[in-house]
Amino acid sequence: MHPRLPATSICLLLPDISGFLPKETAQHHRSRVLAILRRALDVSKLSPEDIDVVCYTKGPGMAPPLLAVAIVARTIAQIWNKPILGVNHCIGHIEMGRLITKAVNPTVLYVSGGNTQIISYACKRYRIFGETIDIAIGNCLDRFARIIHLSNDPSPGYNIEQMAKKGKNYVPLPYSVKGMDMSFSGILSFIEQKARPKGKQAKKQASTEEEKWTDEDLCFSLQETLFAMLVETTERAMAHTGSNEVLIVGGVGCNVRLQEMMGIMCEERGAKLFATDERFCIDNGVMIAHAGWEMFRSGTRMPWNDATITQRFRTDEVEVTWRDD
């Protein structure tokens, strides 16, 4: 949709300690999407005649909720006789970050519940320099929050961040950087054993030092370890590309400690850090609208047969037609 439309995020109330489930999330989207569309038009005081193009998230993501919204996008585009564009979710984050922060050509750290990538632009593509080889960092944090029974209100990652501020003892954890890629699943398994040792024998074998470790210590240690891995690989990408800017995007990018650690690295390199708060870090409608508008005004068009979804829609598959640098 036209970028003048207001941002309207779809909020899903989850059971207190569970994650997003594809079927239930899709049902939620189907039940709310028309009301949100109507409200967006009312608040913006725009009519379908004012809209240039209908944009939707093509991927990556869970198929059922992606499909639920894609069907609505296709339907209204045909009813209103408007062109349609499917937007890559990651590129939506990047372009929103560049718009808000005014970063010119940054090395991008994209960290969220479903993705962890280090990205840099070159030759009409956003190139992936490193990424997770298993689970995303946001997924790792969310799953550990469930292990220690933290609430989803307002989000598991936020609650881990607050717990980490109270941690005093660092618990040594595996540090898993493989070249430019990272692995988080082994760290999660390791720290789960520290959080809840299985059986009486395991508890008896716990050292005196381990018995002093609190959930706050574990949250602190998990953040410090994971974020150090992100800083290391981001700095290596900066060295390779000669970049002097870093832009953090995605839901985990709201974390103040991550921004602080990345800022220290940037200061040591004479580089500049760009980051935003939760209004722009977390998923929102405007980031898709803005990226879609950039695509549309630069001449990108999508055949109707391509107006589908792609669960594994790679960031580097998209031709960046709207940048000339």
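Predicted model: local features only at pLDDT ≥ 70, side-chain atom pairs only at ≥ 80, totals over all residues.

**Tyr110.** I started at Tyr110, which lies in strand 3 (residues 107–111); helices (H or I, at least four residues) and strands (E, at least two) are DSSP runs, numbered from the N terminus. Residues are numbered from 1 along each chain as its sequence is written, and side-chain values use heavy atoms, with hydrogens and water left out.

I looked up burial next: Tyr110 counts as buried because its relative accessibility is 0% (buried is under 20% relative accessible area, exposed over 50%, partly exposed in between, with a 1.4 Å probe and protein chains only). Leaving aside neighbours within four places in sequence, I found Tyr110 in contact (heavy atoms within 4.5 Å) with residues including His89, His93, Asn115, Val249 and Gly250. Its side chain makes a polar contact of 3.2 Å with that of Asn115. Such a contact is a pair of N or O atoms within 3.5 Å; within protein, one must be able to donate a hydrogen and the other to accept it, and residues adjacent in sequence count only if both atoms are side-chain atoms.

**The annotated set.** I checked the record: UniProt, in an unreviewed entry, places the feature "binding site" at His89, His93, Tyr110 and Asp283. Positions there are given in the numbering used here, feature names are shortened, and annotations may be inferred rather than shown by experiment. These residues are spread over 195 residues of sequence, yet they cluster in space, with a largest C-alpha distance of 12.2 Å. I also noted that His93 from this set is in the lining of the largest cavity.

Asp283 sits in the loop between helix 11 and helix 12 (285–297). With a relative accessible area of 43%, Asp283 is partly exposed. The side chains of Asp283 and His89 are joined by a polar contact of 3.1 Å.

**The cavity.** How many cavities of 30 Å³ or more does a search of the whole structure find? I got one. A cavity is a set of points, on a 1 Å grid over the protein atoms alone, where a 1.4 Å probe fits but cannot get out, and lining residues have an atom within 4 Å of a point. The largest cavity holds about 40 Å³ of space; grid points are joined across faces, edges and corners, and a volume is the space filled by probe spheres set on the points. Among its lining residues I listed His93, Met96, Ile248, Thr276 and Phe280. Helix 3 gives the most to this lining, with three residues.

Most residues other than glycine have a negative phi, and most peptide bonds are trans. I found a cis peptide bond from Gly59 to Pro60, with omega near -5°, and another cis bond from Asp153 to Pro154, with omega near 0°. Asn81 has a positive phi of about 60° although it is not a glycine, and Asn81 is exposed, at a relative accessible area of 69%. Lys102, also not a glycine, has a positive phi of about 70°. I placed Lys102 in the loop between helix 3 and strand 3.

Definitions and conventions. 1 Å grid on protein atoms, 1.4 Å probe; cavity = no way out; pocket = protein on both sides within 12 Å on 5 of 7 lines; lining within 4 Å.
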